[in-house]
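Hello,

Here is the structure you will be working with. Please open it first, then read the notes below with it on screen.

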Amino acid sequence: MKKIIVLLFIMMISGAAGSAVFAQDHAVEEGTASSIAGSIKYIAAAFAVGISCIAGGIAVGRIGSAAMGAMSENPDIFGKALPFAGLAEGICLWGFLVALLILFL
């Protein structure tokens, strides 16, 4: 489990670095003076989405595991366990919304 988290974190860092390079190239094309300041927002957006999606995935995994265990005991509990998985997936959505706010405001 820890190896997967470390691998996802490394992938997120490399994605942030790639977006910073893209932002820097894009800033040079437009002729802006501060390409580093412009690329910081892309790195921040990548971290916002990456960390929230990793946290959401961990939460959904734990909630899903507990829900399956509870449903093996009592199948009628499915309707009560489903909203909790939806709430955990909402973490990813909030990270995406934060990234949009970072990029466009």
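**Contacts of I77**

Leaving aside residues up to four places away in sequence, I77 touches A70 and M71. I77 itself sits in the loop between α2 and α3. Is I77 buried, exposed or something in between? Its relative accessible area is 27%, so I77 counts as partly exposed. Buried would require under 20% and exposed over 50%. There is also a distance to look at: the C-alpha atoms of I77 and A67 are separated by 8.3 Å, and these two residues are 10 apart along the chain.

**The chain as a whole**

Please keep in mind that this is a predicted model. The protein chain has 3 helices and 0 strands, and from the N terminus on its elements run α-α-α. The chain has 105 residues, of which 20% are buried. It exposes about 7,300 Å², and carbon and sulfur atoms supply 75% of that area.

How many of the contacts join residues that are at least 24 apart? Counting contacts between residues at least 6 apart in sequence, the share is 74%.

**Confidence**

The mean pLDDT of the protein chain is 79, and 65% of its residues reach 70 or more. Which element has the lowest mean pLDDT, and which the highest? Helix α1, residues 2-30, has the lowest at 60, while helix α3, residues 78-104, has the highest at 89. Where pLDDT is low, the predicted coordinates should not be read in detail. Please keep that in mind when you look at helix α1, with its mean of 60.

**S52 in helix α2**

S52 lies in helix α2, which covers residues 35-73. The relative accessibility of S52 is 10%, and because the limit for buried is under 20%, S52 counts as buried. What does S52 touch? Not counting residues up to four places away in sequence, S52 touches F47, I91, C92, G95 and F96. A polar atom of the S52 side chain also lies 2.9 Å from the backbone oxygen of A48.

Which residues make the nonpolar surface patch? They are L93, W94, F96, L97, L100 and F104, and the patch has an area of about 660 Å². L93 is placed in helix α3, and L100 lies in helix α3 as well. F96, one of the patch residues, is also among the residues that S52 touches.

L100 has a relative accessible area of 31%, so L100 is partly exposed. The C-alpha atoms of L100 and A45 are separated by 7.4 Å, although the two residues are 55 apart along the chain.

When you go through the model, you could start with S52 and its contacts, then turn to the patch that includes L93 and L100.

Regards

Key. Residues numbered from 1 in each chain as written. Predicted model: local features only at pLDDT ≥ 70, side-chain atom pairs only at ≥ 80, totals over all residues. Heavy atoms only, no water. pLDDT = per-residue confidence, 0-100. Helix = DSSP H or I, 4+ residues; strand = E, 2+ residues; numbered from the N terminus. Patch = residues over 30% accessible without salt bridge, like charges linked within 9 Å, V, L, I, M, F, W, Y side chains within 5 Å. Areas by Shrake-Rupley, 256 points an atom, 1.4 Å probe, with all protein chains shown as cover. Salt bridge = Lys/Arg side-chain N within 4 Å of Asp/Glu carboxyl O. Buried < 20%, exposed > 50% of the residue type's maximum accessible area, 1.4 Å probe, protein only. Polar contact = N/O pair within 3.5 Å; in protein donor to acceptor, adjacent residues only side chain to side chain. Contact = heavy atoms within 4.5 Å.
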